[in-house]
Amino acid sequence: MTRKSRNRFVSRHLEVFQLGGALLFLGLVGLYASLTGASVAGLPAASVGLLIVAAVIGGYMAMNIGANDVANNMGPAVGSGALTMGWAIVIAAVFEALGAIIAGGEVVGTIKGGIIDSKQIADPALFAWVMLAALLAGALWLNLATALGAPVSTTHSIIGAVMGAGIAAGGWGLVNWGTITKIVASWVASPLTGALIAALFLYIIKRSITYRSEKTEAAARVVPVLIALMVWAYATFMLLKGLSQLVKMGFWPAVGLGALVAVGVWALVRRPIARAALRQDNSKDGVNRLFTWPLICAAALLSFAHGANDVGNAIGPLAAIYEAVKSGAVATRAASPMWVMVLGALGLAVGLALYGAKLIRTVGKEITELDNMRAYSIAMAATLTVIIAAELGMPISTTHTTIGAVIGVGFLRELLKVNYAKMEAVVFAGHQGGDREEVEAYLKRFEAAEVSEKKRMLAEMKKLAKQRQLADGTVLAKKEQKALKKAYKKELVKRSTVLRIVAAWIVTVPATAVLAAILFHIVRAVMT
């Protein structure tokens, strides 16, 4: 058997295993829902059937959330090499489930973000059909996006679906258009903010550590501070988002408490990290190793927070349907029984385990090359953007923010590469006519020099180039001109992947809205 044939054989069997595992999970969900529905006194058979279908679709939605959204948390850590794919899936599955069960809250808002006015839907059966169509539309869209390798916002998916089904059920006046306008604005604001913050953090790390001649000494001073900043950001994030259902805390108290935790952690890790830094090689690889455990902890916390918050996208509508069929009333917020919470948690974990690797690989490896320092910058950008948005009351997508941060890191790398190529051009111009070995030796000294020393060396080369009338570099050797031109054009961000992801973002809300509207009419026709 050739290698190609063996890979095709393994791929086919993996697909069969994935499909079988997904169907087994959904079958068990349907079985449990039937037993639960049968235990509710006086519940008609039609209502039991609706509950079974809703539970299966809710489980399907939870699986797709796990398969698609988890890439935001684990992609940078895997892409940087801090975590292997296997360990990333195990850690994410455990913490996603824990977050959903422990901090998912006993009450889940059934209408995400107040997208439609449920008071205008008086009929509980009609309301249940709206939620059912929205769940199925959101799940189908996420399934398609995962298959295409496009990380999209699961929150926006369910928002668009609820909007579309609501319009189909009660007309355009049912939609809260102010909320939709804020969501559309976040499509631009969240990725741009993430990109800028990530690029800023990476540049700070480069200027304070990797651009120094003694990188390990600089890391001994700076890395403990960077870890403390990460602790502050994540402590604040967990208080505002991850544990929001268990601990109610205002913005500034959360920021203050996060700062206290950060100071304590800084005091504990300052000396051990400094000693570890001085034991590393005086290289970027040595510095990168210092960020490994902080990145693993950050990925686990992000998974916990994601499970706590986004499980509502799957079980919120299911909880509403359960309440509607059980009590015969429409509830804008419904108490979620433990079986619904566990269903959501298991669905996240199963979807991640079966299908999560593809999107983790897309975020971590197919947009731009990552290392631990870049992954740290991305994690900080995503967390800080969420914190800022929480204070401003802006609905943002962590998916958009994280992908924006990855792209921002990639474009900063491109910018720095171009700038360095231009500096090399000045060095070549200043050494025009000199021995090749002398030029290369000078470039090595230039690369290892401090930033201030680089400026002095460049000024010296510009002066020499001017004296030789080569300041514009037009008389460089043809081979050198070709090499520099190629360096200027070097792309470190894969444009095709970025365009595919952005296109999926743009169409998510309208696509799920149209799909949900169609499904609503189908559901109503079947149920009546």
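**Overview**

Biologist: How many helices and strands does the protein have?
Modeller: There are 19 helices and 2 strands. Helices (H or I, at least four residues) and strands (E, at least two) are DSSP runs, numbered from the N terminus.

Biologist: What should I know about the model itself?
Modeller: This is a predicted model: local features need pLDDT of at least 70, side-chain atom pairs count only at pLDDT 80 or more, and totals for chains, interfaces and linings use all residues. Residues are numbered from 1 along each chain as its sequence is written, and side-chain values use heavy atoms, leaving out hydrogens and water.

Biologist: What share of the residues is buried?
Modeller: 55% of the 528 residues. Buried means under 20% relative accessible area (1.4 Å probe, protein chains only).

Biologist: Now helices α2 and α12. At what angle do they pack?
Modeller: About 170°, with axes 8 Å apart. Axes are lines fitted to C-alpha atoms over the stretch in contact, and angles run from 0 to 180 degrees between N-to-C directions. So α2 and α12 are roughly antiparallel, a label for angles over 145 degrees.

Biologist: Which residues meet there?
Modeller: From α2, they include Leu 50, Gly 58 and Ile 65; from α12, they include Ala 314, Ile 321 and Val 325.

Biologist: Tell me about Gly 58. Where is it found?
Modeller: In helix α2. Gly 58 is buried, at 0% relative accessible area.

Biologist: What does Gly 58 touch beyond its neighbours within four places in sequence?
Modeller: Leu 135, Ala 314 and Leu 343. Contact means heavy atoms within 4.5 Å.

Conventions:
Angles under 35 degrees count as roughly parallel, over 145 as roughly antiparallel, 65 to 115 as roughly perpendicular and the rest as oblique. Buried means under 20% relative accessible area, exposed over 50%, partly exposed in between (1.4 Å probe, protein chains only).
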